[in-house]
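Let's take a friendly walk through a protein model. Have a look at the sequence and the 3D view before reading on.

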Amino acid sequence: MGHATTLSHFLILSSSRLSRLGSRTRFLTKPTPLSGSFSPFPVTGQGFRCCCSAATEDPSPSVKKRVVSGVQPTGSIHLGNYLGAIKNWVALQDTYETLFIIVDCHAITLPYDTHQLGKATTDTAALYLACGIDVSKASVFVQSHVPAHAQLMWLLSASTPIGWLKKMTQFKEKSRKEGAEDASVALFTYPDLMTADILLYQSDFVPVGEDQKQHIELAREIAQRVNHLYGGRKWKKLGGRGGSLFKIPEPLIPQAGARVMSLTDGLSKMSKSAPSDQSRINLLDSKDLIVDKIKRCKTDSFAGLEFDNAERPECNNLLSVYQIVSGKTKEEVTEECKDMSWGTFKPLLADALIEHLSPIQARYQEIVAEPAYLDKVLSEGADRAAELGDVTMRNMHQAMGFYQRR
């Protein structure tokens, strides 16, 4: 499925009445270049740090913020998806109003199996719920069930310079694999769809992995450009509210687990697209398979185990995974493992993974055994998302001068 974690993003936005969305945001008169310049400052709670280039006004303490995120329907979510994104969603849903998306429209930008897409979508949704997404707190839905994602993407593409898309690293990498002449137009323009996924719900923050900041930069640039072209007094003259059409999203990066690396190469991200299944732990892998993969994973010949040694990427990766699934602090893991050999540590890591994933696997089997329940969850989630997205679409159509249906 190619860029399986391209949309491993969280979108946090104010859930104040939608008629007032954007009223507190600063109107940016012109866009800034894609610079990659983010300066970090701390954010309270949830183990996240925010990398922001501009401060935003805090909403009322009584107003709950909203989180939106998603991954592609691979049908087999791996440990990188889970630790880098989904596990954090579970923590966020207790504090924020949350919407989580199975982004099936992103899954068709590369060759795929049409017979498997539907099943992969429901399997992914079931895994969301099995990982701890609570439908009493969160809405879970399928991207293609909310047409506003594609509609907004088209409107945004009219304001996106080709030069901006040509700079996107993932397009260069994926098109090189496909062959530049054979790569689809959708592969080139999917960052506009990802931006639509973000902006449709008026995002304040976007929790992402370190390697995804370029996509958030692009979303910020497009939002600023659209605000400049169509917002402010121009929109007001057309009968609108005026001001910004979109908030400018900020990246929010988990302090641990934001980027889980391959079991066969500590310098490469764990990915569904990697040719070898040995490179990743899938959430539905059996106990024996987990033991075997950890036993065979790449290590080094240094004595002892340690974090943050640039010469030991595999060691840092495996210790980080152990830290998260065991629930221990970095200091506790450092003390526990500093004198261990790989022969001692690997069974410890495998046991911790099995203990952590077993309840998820059991819950998944319960959910897929009740397809009517899952259908209901996805339908209700799509209805909620469409209700929210319609407000953004009405504003965009008005500000861009479209004739409004009576």
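Residues are numbered from 1 along each chain as its sequence is written, and side-chain values use heavy atoms, leaving out hydrogens and water.

The score pLDDT is the predictor's confidence in each residue, from 0 to 100. Its mean for the protein is 83, and 82% of the residues reach 70 or more. Confidence is highest in helix 3 (residues 148-157), at a mean of 98, and lowest in strand 2 (residues 39-42), at 32. Helices (H or I, at least four residues) and strands (E, at least two) are DSSP runs, numbered from the N terminus. Over residues 1-46 the pLDDT is below 50. Where pLDDT is low, the predicted coordinates should not be read in detail.

Now find helix 6, which covers residues 185-199. A kink of about 35 degrees is centred on P191 in this helix; the bend at a residue is the angle between axes fitted to the seven residues ending there and the seven starting there. Because 13 of its 15 residues are buried, helix 6 is largely enclosed by the rest of the structure. Buried means under 20% relative accessible area, exposed over 50%, and partly exposed in between (1.4 Å probe, protein chains only).

Finally, K293 sits in helix 9 (residues 287-296). Is K293 buried or exposed? K293 counts as buried because its relative accessibility is 1%.

Terms used
This is a predicted model: local features need pLDDT of at least 70, side-chain atom pairs count only at pLDDT 80 or more; totals for chains, interfaces and linings use all residues. The expected span of a helix is 1.5 Å times one less than its number of residues. Contact means heavy atoms within 4.5 Å.
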